[in-house]
Amino acid sequence: MPASGKMLKSREQAANRAAGIGDENGRLPARVKAAEVLARCTICSHEIRMTKKNVEAKSHFESKHPTSTFAICFPGQVDPTVPGFNPEGTTAAKPSGTTSTASTAPVAAPKKKVDDLSFLDSALDSKNYAGKKK
C-alpha cells in the first residue's frame, strides 16, 4: 500500500531536520509564510493588518481620521499616499551610469486608418438606386 501524502511529507521534514535544512519543523524556507504584521492606529487603537499596498490602512485613516496623516496614524509603516509609492519596492529611476538611446517622451498612439468611402457616393448617385420599397 502506498504511503499517504501526510506520511511522505513528515518523512521529508524529518530528513530535512536531520540534515539541518529548513526551520525547526523541517519546513523549507520557500514554504514558510512570513508572520502577519499588525499595526495599531495611534489615534483610535484599531489594529490593522499591513500588506504590500496597505490599502486597508489607507482607507482607515482616510475615512476615520480625515484631518490626520498616514504617518500620524501608523508611524513606521510604509505610506501608500506618498507620490511614487511602489509596493514592489523597486524604484522607477534608472541606476546611475547607464545610458539610454531611447527617448523618454511618451509614445503617441497610432492613428486609425480611415477607409476611402468615395465609391459609395457614386453608387448612391447612380440611377439604379431607388431606395427602400414599401
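Mentor: Reading from the N terminus, the elements of the protein chain follow the order α-β-β-α-α-α, which comes to four helices and two strands. Helices (H or I, at least four residues) and strands (E, at least two) are DSSP runs numbered from the N terminus. This is a predicted model, in which local features need pLDDT of at least 70 and side-chain atom pairs count only at pLDDT 80 or more, while totals for chains, interfaces and linings use all residues. Residues are numbered from 1 along each chain as its sequence is written, and side-chain values use heavy atoms, with hydrogens and water left out.

Trainee: What makes β1 and β2 a pair of strands, and in which sense do they run?

Mentor: Two strands pair if DSSP finds at least two bridges between them; β1 (residues 37-40) and β2 have four bridges, in the antiparallel sense, so by that rule they count as paired. Strand β2 (residues 47-50) has a covered face, made of Ile48 and Met50, and an uncovered one, made of Glu47 and Arg49.

Trainee: Why is Phe70 called buried?

Mentor: Buried means under 20% relative accessible area, exposed over 50% and partly exposed in between, with a 1.4 Å probe and protein chains only. Phe70 has a relative accessible area of 1%, so Phe70 is buried, and Phe74, also at 1%, counts as buried too. Buried residues make up 13% of the 134 residues in the protein chain.

Trainee: What about His65: buried or exposed?

Mentor: His65 lies in the loop between α2 and α3, and at 11% relative accessibility His65 counts as buried. Contact means heavy atoms within 4.5 Å, and, leaving aside neighbours within four places in sequence, His65 is in contact with Cys41, Ile43, Cys44, His60 and Cys73.

Trainee: How many aromatic pairs are there, and why is the pair of Phe61 and Phe70 described as it is?

Mentor: Rings of Phe, Tyr and Trp (its six-membered ring) pair if their centres lie within 6.5 Å, with planes under 30 degrees apart counted as stacked, over 60 as edge-to-face and the rest as tilted. By this rule the count comes to two aromatic pairs. The ring centres of Phe61 and Phe70 are 5.5 Å apart and their planes stand at 75°, so this pair is edge-to-face. Phe70 and Phe74 form a tilted pair, at 5.4 Å centre to centre and 45° between the planes. Phe61, Phe70 and Phe74 form one aromatic cluster.

Trainee: Which residues make up the largest nonpolar core?

Mentor: A nonpolar core is a set of buried Ala, Val, Leu, Ile, Met, Phe, Trp, Tyr and Cys residues joined through side-chain atoms within 4.5 Å. The largest one has nine residues: Ala39, Cys41, Ile48, Met50, Ala57, Phe61, Phe70, Cys73 and Phe74. The elements that give two or more residues to this core are β2, α2 (55-64) and α3 (70-73). Not counting residues up to four places away in sequence, Met50 touches Val37, Ala39, Ala57, Phe74 and Gln77.
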